Structures are given as structure tokens and as C-alpha cells.
Amino acid sequence: MITVKDIREKEFSQQKHGYHEDEVDEFLDEIADQMEALIRENRAMMKRMDEAEAARARAEAALSQAQAQAPAQEPVQAPAPQADDSAYFRNLETTLRETLLSAQRLADQTVDEARKKAEKTLLDAQVDAETIKREAASESATLRASLAQDTQNAQIQLEGLKSSIQEHKKRFRALLEGQLQALQTQDE
């Protein structure tokens, strides 16, 4: 394949009755310039074609996803290439636009459903939290009441034990005094 560089650097051998060297160089430069322009245009067209192909693939993927999520809708068919490429690309653009709008509506619907679900989950969590808080407050009140009753019972038992100890001390003292008196009486 001949490149633009090959054309620009091409050297011809000189002959006695050959072409005018400057004219040949100018002509080769003109060919090289035109070839560069054609190569740029070709690359631009290839890039546009790749972008169109990628857009078509994305549209088909979005369409497949939309059809999978909403099977009741009629499938949108991309038009087949026609003899007139500009008409094909206009049809493709229209189809892509419609597909993207459909995908956008589906995305909006999905976001709305997710938002509603999140709000319901949040509301349910708040209700659950209030229920747990009420149950905890009720259980806490029950435990406090039970603790107060246990404390009161313990105080009653403590008073009973103190009274019993005092009674035992009195009897022991009386016993000891009685024994002490008996010992003193014996000693006398």
C-alpha cells in the first residue's frame, strides 16, 4: 500500500528528455494532499460508522432490556439498511431516539418504583422502631415495678432479721447473765 509519505519522498531518476522535475513534484504533492484528505475522510467515516454501530448495539441492548422488563409492549424493530444510506441513518436515528425515549421512560418508572419502595421501607422501619421503643418502655416500667417490689420485700426481710437478731441477743444475754449468776452463786 502506498502511503502519503511514499508519494512525498518518491525520487525519480533523471533522463535526458524526461518530465519537468518541478511539475512532477508539484503533481505528487497535490496527489499526496488529496490522499491525506481522503484518508482523514475515510477515518472520520469509519469512526462515524463505529459510533453508529455502537449506538445500534446499545439501542438493541436497551430494547432487549425494555422488552424483558415490559413484555406487553410491541417490540421496536430497527430498519434494515436501504439503498440510500442517509435514509437508513435517519431511520436508524429515529429508531434509536424512540428506543432511548422508551428506555428513559422505563428508567424513570424504575427509579420512581425504587423511590416508593424506599419510602415504604423507611416508613415500616419507623413504625417498627416506635413499636420497639414502646415495648422497651413497657418492659422497663415492668422491671422497675418488679425491682421496687423486690426491694420492699428485701427491706421487710431485713427488718425481720434485725428483729430476730435483737431477740437472739436478748436471750443469749439473759442466758449468759443467768449462767454468770449461777457461777457467782456457786462461788459464794
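How do the residues of the lining of the largest pocket divide into nonpolar, polar and charged?

Modeller: The model is a predicted one, and what follows should be read with that in mind. The lining of the largest pocket divides into seven charged residues, five nonpolar and four polar. The pocket itself has a volume of about 370 Å³. It is lined by 16 residues, and those closest to its centre are Phe12, Ser13, Tyr19, Glu21 and Val24. Two elements each give two or more residues to this lining, namely helix H1 (4-9) and H2. The largest share comes from H2, with five residues.

Confidence comes next. The mean pLDDT of the protein is 80, and 90% of its residues reach 70 or more. Among the elements, H1, one of those that line the pocket, has the lowest mean pLDDT, 78. The highest, 86, belongs to H3.

Now the whole chain. The protein has three helices and zero strands, and its pattern along the sequence is α-α-α. Its radius of gyration is 52 Å, well over the 16 Å that the globule rule gives for 188 residues, so the protein is more spread out than a compact globule. The C-alpha trace spans about 175 × 55 × 20 Å along the principal axes. Of the 188 residues, 10% are buried.

As for where nonpolar residues come together, the general background is brief. In soluble globular proteins, nonpolar side chains tend to be buried together. Here the largest nonpolar core is made up of five residues: Ala55, Ala59, Tyr88, Leu92 and Leu96. The elements that give two or more residues to this core are helix H2 (21-69) and helix H3 (85-187). H3 supplies the largest share, three residues. H2 therefore has a part in both places, because it gives two or more residues to the core and also to the lining of the largest pocket, where an element is a DSSP run.

Alanine 32 is found in helix H2. With a relative accessible area of 0%, alanine 32 is buried, since the cut-off for buried is under 20%. The C-alpha atom of alanine 32 is separated by 44 Å from that of threonine 99, and these two residues are 67 residues apart along the chain.

Alanine 107 lies in helix H3. Its relative accessible area is 34%, so alanine 107 is partly exposed. Between the C-alpha atoms of alanine 107 and phenylalanine 27 the separation is 58 Å, and the two are 80 residues apart along the chain.

To return to the part you asked about, the largest pocket is lined by 16 residues, with H2 giving five of them.

Note on methods
Residues are numbered from 1 along each chain as its sequence is written. Side-chain values use heavy atoms; hydrogens and water are left out. A nonpolar core is a set of buried Ala, Val, Leu, Ile, Met, Phe, Trp, Tyr and Cys residues joined through side-chain atoms within 4.5 Å. Buried means under 20% relative accessible area, exposed over 50%, partly exposed in between (1.4 Å probe, protein chains only). Helices (H or I, at least four residues) and strands (E, at least two) are DSSP runs, numbered from the N terminus. On a 1 Å grid over the protein atoms alone, a cavity is a set of points where a 1.4 Å probe fits but cannot get out, and a pocket is an open set with protein on both sides within 12 Å along at least five of seven lines; lining residues have an atom within 4 Å of a point. Grid points are joined across faces, edges and corners, and a volume is the space filled by probe spheres set on the points. Ala, Val, Leu, Ile, Met, Phe, Trp, Tyr, Cys and Pro count as nonpolar, Asp, Glu, Lys and Arg as charged, and the others, Gly among them, as polar. pLDDT is the predictor's confidence in each residue, from 0 to 100. The radius of gyration is taken over C-alpha atoms; the globule rule is 2.2 Å times the number of residues to the power 0.38.
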